Structure formats: C-alpha cells, structure tokens
Amino acid sequence: MATYPIRLFGDPVLKQRSREVEELDGSLARLVDAMFDTMVEAHGLGLAAPQVGVQRRLFTYDVGEGPRVVVNPVVVEATGEWSFEEGCLSLPGLHFEVVRPKVVTLRGLDLDGREVVVEADELEARVFLHELDHLDGVLLLDRLDRDARKQALRELREQDLLAGARREGAAL
Ligand code: ZN
C-alpha cells in the first residue's frame with residue numbers, strides 16, 4: 001500500500017490553483033491508487049490531488065459506494081442550500097458549519113477518458129464542492145466569516161500541526 005503524507009494548512013501547495021490533467025496515463029493511475037490508499041488510511045471522504053502535493057485537477061472520494069475518481073471536474077449545475085459541519089484532512093481536528101448548495105451536477109472524466117456525469121446531493125455534493133475548492137487553492141477557512149476564521153487560526157496555532165497529529169472522524 002502506497003500512501004502520501006497529507007499536506008497540512010500552511011503548506012503553500014494548498015493555496016495554488018491546480019492545472020488541468022492532460023495525459024491519462026499509467027503515472028496518473030498510480031497516483032490515483034496511492035490517493036485511494038491515503039484517503040482510506042486517513043479516514044477521509046474525499047482527497048484532492050493538491051493535498052498530496054500534486055497540482056493537478058483531480059480528486060478521489062468515497063461516500064460509501066467504494067473509491068471513485070473524477071479528473072478535470074467541473075460543476076455544471078448547483079441548486080439549493082445545505083448546512084453541514086465540514087472538516088478537512090489538511091486542517092486536522094477542526095470542523096465548521098458551512099452552507100453550500102444542496103444538489104450539484106458534476107462533470108469530468110474517469111481514468112479511461114470517458115465522460116462521467118454525477119448528480120449528487122447533501123453529503124456527496126458537499127464532498128464534491130469541498131474538493132473542487134482545493135483544486136482552486138481555496139480552503140475551508142476561506143469559506144468562514146471573519147470572526148470564525150480568526151478563531152480557527154487561533155486554534156490552529158495552538159495545535160502543533162508540524163507534529164502531524166491527526167484526529168479521526170469525518171473529514172473531506
Ligand atoms: Zn479538505
């Protein structure tokens with residue numbers, strides 16, 4: 001089992017916009033396998049490539065139906081509102097109530113280059129939107145209002161993130 005260390009808040013790679021995947025080749029398939037293993041080991045529901053230091057537009061997820069990958073994902077439709085306490089593998093131990101669209105239609109490619117279209121709601125939609133943010137260099141903290149963000153930064157400083165302490169629980 002090959003796994004990557006998960007990049008944590010403060011790592012500049014998490015603030016960069018990732019580029020489109022151009023080649024669906026063996027090295028991409030190996031990356032995805034290692035991302036699946038990393039996601040399982042970390043008890044994550046989703047994992048975006050930049051979280052393992054790869055600035056490419058793809059993410060893996062598993063909302064109970066087995067691991068899946070979407071390459072070059074785009075949201076083609078988003079409707080409604082849904083509030084959920086969201087976590088992030090790059091912000092261990094922190095959860096925040098965030099409102100985002102309730103239903104999204106996502107379009108992208110699978111590893112064979114076939115188009116995939118997924119209509120998702122609630123938790124699955126939330127995972128998609130959270131991982132897409134990672135591909136644009138946006139973190140959960142950027143979705144908070146000013147006071148909540150300040151409080152979160154204080155908590156992050158108090159944690160010794162460099163020690164790599166990870167807590168279990170639902171994180172995306
Ligand atoms: Zn995350």
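Which residues gather in a patch of positive charge on the surface? The patch consists of Arg146, Lys150, Arg154 and Arg157. Patches are made of residues with over 30% relative accessible area and no salt bridge, like charges being joined within 9 Å. A salt bridge is a side-chain nitrogen of Lys or Arg within 4 Å of a carboxyl oxygen of Asp or Glu. The model is predicted: local features need pLDDT of at least 70 and side-chain atom pairs count only at pLDDT 80 or more, while totals for chains, interfaces and linings use all residues. Residues are numbered from 1 along each chain as its sequence is written, and side-chain values use heavy atoms, with hydrogens and water left out.

Arg146 is located in helix α3 (residues 146-158); helices are DSSP runs (H or I) of at least four residues and strands (E) of at least two, numbered from the N terminus. Arg146 counts as exposed because its relative accessibility is 64%, where exposed means over 50% relative accessible area and buried under 20% (1.4 Å probe, protein chains only).

The zinc ion has Cys88 (SG), His130 (NE2) and His134 (NE2) as protein donors, at 2.0 to 2.3 Å. Donors are N, O and S atoms within 2.8 Å of the metal (3.2 Å for Na, K and Ca). The spacing of the donor residues in sequence is C-x41-H-x3-H. Cys88, in the loop between β4 (82-87) and β5 (95-100), and His130, in helix α2 (residues 122-135), are 42 residues apart and link distant parts of the chain. Cys88 is buried, at 3% relative accessibility, and His130 is buried at 2%.

Arg30, in helix α1 (residues 26-41), is exposed at 58% relative accessibility.

Technical notes: Patches are made of residues with over 30% relative accessible area and no salt bridge: like charges are joined within 9 Å, nonpolar side chains (Val, Leu, Ile, Met, Phe, Trp, Tyr) within 5 Å. Accessible areas come from the Shrake-Rupley method with a 1.4 Å probe; for residues, only the protein chains shown count as cover. Lys and Arg count as positive and Asp and Glu as negative; His and the chain ends are not counted. The place of a charge is taken as NZ of Lys, CZ of Arg, CG of Asp or CD of Glu.
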